[in-house]
Amino acid sequence: ILPEPAVIEPGKDGGPPSDAIVLFDGKDLSKWKNGENWEIKDGYAIARKSGITTKDSYGDCQFHIEFATPEKIEGTGQGRGNSGVYLMGKYEVQILDSYDNKTYFDGQCGSLYKQTTPMVNACRKPGEWQSFDILFESPRFNDDGSVKRPGYVTVLHNGVCVQNHFELLGGTFFHQPAKYEKHPDKLPLNIQFHNNPLRFRNIWIRDIKPLEGKKPEAPKN
Ligand code: MG
């Protein structure tokens, strides 16, 4: 018998739902290491000085974040509005100002950095609020360190599917090819600081469990 689904309040558009862990509600970054490095103003946080990392660890999850790349355009390519969501601190969903800004395709906004491009470029203009809704299934490892099951990432950028259950090739690196390294089932999540003052708001996460299935019963003769 399958369990009855829990009843939750879905919240307003963009959430957070009642069973989410709110990581930033516009007031403080106390759930983050190095949160003091970012400036909080008018209900949003501005990236400064360093990345921020959750104090708690997460594995399979649903993650929501809203961001705005700087309205004043500075830099080009990877130097313009660069940040990123590092799931488990290892797998980067790239944040970039890819509005009329050329860069390598697997480094643009919504890419799994250096692994795959987004299906479409769904970027809004610099300075406008955008969102990522990410579904993540952590990789699983065998005792000997080999991959038992790869990780998977689905990304909606501004509500548009740009990654659909993408099979991660390993950790995302700037300087070397993707590679898996055995790690625990839960790890902190990190938001990158890449010298650009992006704004962030409404950040929340929900643990998700694999769904159980049930085959229809065979007809009785
Ligand atoms: Mg980045």
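User: Which backbone nitrogen does the side chain of T154 reach?

Analyst: The general idea is a polar contact, a pair of N or O atoms within 3.5 Å; within protein, one must be able to donate a hydrogen and the other to accept it, and residues adjacent in sequence count only if both atoms are side-chain atoms. Here the T154 side chain gets to the backbone nitrogen of H165 at 2.8 Å. Keep in mind that this is a predicted model, where local features need pLDDT of at least 70 and side-chain atom pairs count only at pLDDT 80 or more, while totals for chains, interfaces and linings use all residues. Residues are numbered from 1 along each chain as its sequence is written, and side-chain values use heavy atoms, with hydrogens and water left out.

User: Where is T154, and is T154 buried or exposed?

Analyst: Strands (E, at least two residues) and helices (H or I, at least four) are DSSP runs, numbered from the N terminus. T154 belongs to strand β12, residues 152–157. Buried means under 20% relative accessible area, exposed over 50%, and partly exposed in between, with a 1.4 Å probe and protein chains only. T154 has 15% relative accessibility, so T154 counts as buried.

User: And which residues is T154 in contact with?

Analyst: Contact means heavy atoms within 4.5 Å. Skipping neighbours within four places in sequence, T154 is in contact with D133, I134, L135, Q163, N164 and H165.

User: What about S131 and P150: where do they sit?

Analyst: S131 is in strand β9, and its relative accessibility is 14%, so S131 counts as buried. P150 is in the loop between β11 (147–149) and β12; with 15% relative accessibility, P150 counts as buried. Not counting residues up to four places away in sequence, P150 touches S138, P139, E167, L168 and Y180.

User: Which residues have the most contacts inside the largest nonpolar core?

Analyst: A nonpolar core is a set of buried Ala, Val, Leu, Ile, Met, Phe, Trp, Tyr and Cys residues joined through side-chain atoms within 4.5 Å. The largest one has 40 residues, and V85, F132 and F200 have the most contacts inside it. Elements giving two or more residues to this core include β6 (61–68), β9 (130–137) and β12. The largest share, 4 residues, is from β6. As for V85, its contacts beyond four places in sequence include F63, I65, F132 and I134.

User: How do I read the empty spaces?

Analyst: Rolling a probe the size of a water molecule over the atoms shows where empty space is left. On a 1 Å grid over the protein atoms alone, a cavity is a set of points where a 1.4 Å probe fits but cannot get out, and a pocket is an open set with protein on both sides within 12 Å along at least five of seven lines; lining residues have an atom within 4 Å of a point. Grid points are joined across faces, edges and corners, and a volume is the space filled by probe spheres set on the points.

User: What volume does the largest pocket have, and what lines it?

Analyst: Its volume is about 510 Å³. The lining has 14 residues, with P5, A6, K209, P210 and L211 nearest the centre. For lining classes, Ala, Val, Leu, Ile, Met, Phe, Trp, Tyr, Cys and Pro count as nonpolar, Asp, Glu, Lys and Arg as charged, and the others, Gly among them, as polar. That lining divides into 8 nonpolar, no polar and 6 charged residues.

User: Which residues line the largest cavity?

Analyst: Y58, G59, C61, L87, M88, F136, L187 and L189 line the largest cavity, whose volume is about 30 Å³.
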